[in-house]
Every structure is written in structure tokens, then in C-alpha cells.
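Colleague: I have not worked with this one before. Can you put it up and take me through it?

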Amino acid sequence: RLPYAIPSFCDFDPKNPEHRIADQVICGFPYTSKSWPWPQDAGKKFMQPVAQIDLSNAGAILGKDFEDGLLQVWFSVDPNSEVKGSWDPIVRFIPRLSLKEELNEEYPKDAPWNPSRDSDPDDELIFGLPNEIAPSARVQWIAAGSMYPRPTKALSQWLEDRSLSFDSEIEKAEEKFEKLKIPGLGNCFDEKSRAMRLGGYVFGYGNEADLISWKSNDDQLLFYIGVEFFALAVTFSKDQSGKYTFGARIS
């Protein structure tokens with residue numbers, strides 16, 4: 001089992017310096033400065049902010065000693081499969097001391113995403129969540145206890161590592177766990193918690209299960225966001241020196 005947190009949405013003022021360095025989700029106005037400019041993709045287009053996470057707060061919730069600073073995640077608004085790396089999210093870490101640098105007040109003009117989060121029926125942006133699900137850009141993460149992986153993924157991996165197979169027993173365990181309505185084993189979340197979470201697990205259906213490793217002592221989930229056709233996971237693991245490293249995958 002792993003600790004997890006759900007979002008509590010707060011009022012967001014893009015002109016408030018404190019809000020600029022706060023935890024944010026899609027379409028916010030993250031911290032940018034001369035040293036940390038708004039990133040651009042391979043086509044020189046400004047990228048859409050996906051998340052800004054205060055690692056000190058996240059570490060306290062998840063029980064990890066992350067380095068102090070902000071982790072930012074960005075994604076191209078126009079990924080091109082013919083361009084190498086176009087579908088790769090950008091993950092960057094900004095140390096706490098760097099946040100003393102003067103804020104850059106420039107917001108991309110004619111941004112194809114909608115900062116107010118209102119949905120557009122004709123909008124094909126990947127992370128275009130409606131106001132009902134994501135009413136604000138600024139969030140506080142509320143610890144929500146423990147989450148469990150789906151037996152079909154966790155047990156299958158455990159058995160595979162030992163060259164064993166008990167598919168029928170796994171299915172029986174899955175059915176019993178589903179009836180308990182345990183977080184992570186079914187749809188026992190509200191729409192906001194299903195759309196994004198801190199920590200815990202992905203649900204483990206289809207391609208989404210490939211977003212994290214199901215082996216112990218490997219990649220764990222830091223942040224998850226999912227919409228109808230896409231899901232993105234920000235993961236962390238320790239390198240050989242014991243330092244935490246972060247990455248992001250999209251499904």
C-alpha cells in the first residue's frame with residue numbers, strides 16, 4: 001500500500017507572487033523567471049503547464065525526503081509523431097533558492113489552452129478538464145490514507161518474477177477486493193480524485209498500467225492526471241547515489 005492525496009482547489013490569482021509558486025494543475029501560471037523561462041517544444045511553441053508540485057509538501061505526505069523546491073511538468077499542445085521527443089513531457093526541478101529570482105510576468109499570448117478551464121466541445125487539447133472537475137489552477141493536496149494496487153497487476157508481476165502462474169486465484173482475489181471498495185481497486189473516487197491525485201497507484205487498466213513499474217523498489221507515482229483518452233504519470237525513483245530522480249510518461 002502507498003500513501004496518496006486528493007486535490008482541494010483554492011482561489012487562484014495569477015498576479016499574486018505566492019500563488020505563482022504554489023501547487024498548481026493544468027492551465028495555471030507557474031513560476032517562471034529569466035533563468036527558468038516558459039519552455040517551448042521542438043516547434044518553438046509554448047508548452048502547456050500540466051503541474052507544479054512543491055516537493056517539500058509532497059514529500060511530507062508521501063513519506064519521502066525529496067529535495068526542497070518545485071517540480072514542474074509541461075506538455076506540447078501540438079505533439080508531432082514525426083518529430084523525435086515531441087510526445088515527451090518536460091519535467092524540471094527548480095531549487096528553493098532559485099525562487100528568489102524576480103518573477104517573469106509574461107504569459108504566452110493566444111495560448112491554445114484556456115486558463116479559465118472552461119471546456120470547449122471542439123477543443124482537442126489533451127488536458128482540457130471542465131470547471132466542474134478542475135475549478136481552479138491552485139490546489140492543496142489533502143492526505144487521504146493508503147491506496148492499494150490491483151491484484152491482477154501486482155500479483156501477476158510477483159508470480160512472473162518467480163516463473164509461476166495462478167491466474168484463477170488472482171481473479172478470485174480481484175473480485176473479493178473489488179467488493180471492499182478500497183481506493184485504487186475500483187471507481188470509488190469522485191470525479192476530481194479520479195482526474196488527478198498525488199501518490200498512490202494508477203488504476204491498472206489497459207495501457208495506463210504501463211505508466212509505472214509494478215515491481216517493488218522501482219518507479220513510484222508522484223502525480224497522476226487522467227482524462228478520457230489520455231493519462232500522464234509523473235514518477236520518481238532513487239538512483240545509485242540515493243538521489244531522487246523524476247520522469248513523466250503519457251499513455
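Colleague: Let me start with S86: is it buried or exposed?

Modeller: Before the answer, a caution: this is a predicted model. In it, S86 is buried, with a relative accessible area of 12%.

Colleague: Where in the chain is S86?

Modeller: S86 sits in the loop between strand 4 and strand 5, the latter covering residues 90–95.

Colleague: And which residues does S86 touch?

Modeller: Leaving out residues up to four places away in sequence, S86 touches S76, D78, P79 and N80.

Colleague: Let me step back. How many helices and strands does the protein have?

Modeller: There are 5 helices and 10 strands. Of the 251 residues in the protein, 44% are buried.

Colleague: What share of the contacts links residues 24 or more positions apart?

Modeller: The figure is 62%, counted among contacts with a separation of 6 or more.

Colleague: Now strand 3. How many of its residues are buried?

Modeller: Strand 3 is mostly covered, with 7 of its 7 residues buried. The strand takes in residues 48–54.

Colleague: How does strand 3 run against strand 4, and how many bridges join them?

Modeller: Strand 3 and strand 4 run antiparallel and are joined by 6 bridges. Strand 4 spans residues 69–75.

Colleague: And how many bridges join strand 2 to strand 3?

Modeller: That pair has 2 bridges, and its strands are antiparallel. Q24 stands opposite Q52 in strand 3.

Colleague: Which residue in strand 4 does D54 stand opposite?

Modeller: D54 stands opposite L70 in strand 4. D54 also touches L70, along with D23, D68, G69 and R96, not counting residues up to four places away in sequence.

Colleague: Is D54 buried or exposed?

Modeller: D54 has a relative accessible area of 10%, so it counts as buried.

Colleague: What does the D54 side chain reach at the start of helix 2?

Modeller: A side-chain oxygen of D54 comes to within 3.0 Å of the backbone nitrogen of S56.

Colleague: Stay with helix 2, then. Which of its residues are buried?

Modeller: Helix 2 covers residues 55–62, and L55, A58, G59 and L62 are buried there. Those buried residues fall within an arc of 100° when seen down the helix axis, so they line one face of helix 2.

Colleague: Why would residues a few places apart end up pointing the same way?

Modeller: An α-helix has 3.6 residues a turn, so residues three or four places apart point the same way.

Colleague: What follows helix 2?

Modeller: G63 does, and its phi is positive, near 75°.

Colleague: Which residues other than glycine have a positive phi?

Modeller: Among them are C27, with a phi of about 70°, and K44, with a phi near 65°.

Colleague: Where are C27 and K44?

Modeller: C27 is in the loop between strand 2, residues 24–25, and strand 3. K44 is placed in the loop between strand 2 and strand 3 too.

Colleague: Which one is buried and which is exposed?

Modeller: C27 counts as buried at 6% relative accessibility, whereas K44 counts as exposed at 64%.

Colleague: Since cysteines came up, is C10 buried or exposed?

Modeller: C10 is buried, with a relative accessible area of 13%.

Colleague: How many disulfides does the count give?

Modeller: The count comes to 0 disulfides. The rule asks for a pair of cysteine sulfur atoms within 2.5 Å.

Colleague: Change of topic. Where does L211 lie?

Modeller: L211 lies in the loop between strand 7, residues 196–199, and strand 8, residues 220–226.

Colleague: Is L211 buried or exposed?

Modeller: L211 counts as buried, at 2% relative accessibility.

Colleague: How far apart are L211 and S251?

Modeller: L211 and S251 are 40 residues apart in sequence, and their C-alpha atoms are 6.8 Å apart in space.

Colleague: Which residues does L211 touch?

Modeller: Not counting residues up to four places away in sequence, L211 touches V202, Y224, A231, L232, A233, T235, R249, I250 and S251.

Terms used: Residues are numbered from 1 along each chain as its sequence is written. This is a predicted model: local features need pLDDT of at least 70, side-chain atom pairs count only at pLDDT 80 or more; totals for chains, interfaces and linings use all residues. Side-chain values use heavy atoms; hydrogens and water are left out. Buried means under 20% relative accessible area, exposed over 50%, partly exposed in between (1.4 Å probe, protein chains only). Helices (H or I, at least four residues) and strands (E, at least two) are DSSP runs, numbered from the N terminus. The arc is that of the directions from the helix axis to the C-beta atoms. A polar contact is a pair of N or O atoms within 3.5 Å; within protein, one must be able to donate a hydrogen and the other to accept it, and residues adjacent in sequence count only if both atoms are side-chain atoms. Contact means heavy atoms within 4.5 Å. Two strands pair if DSSP finds at least two bridges between them.
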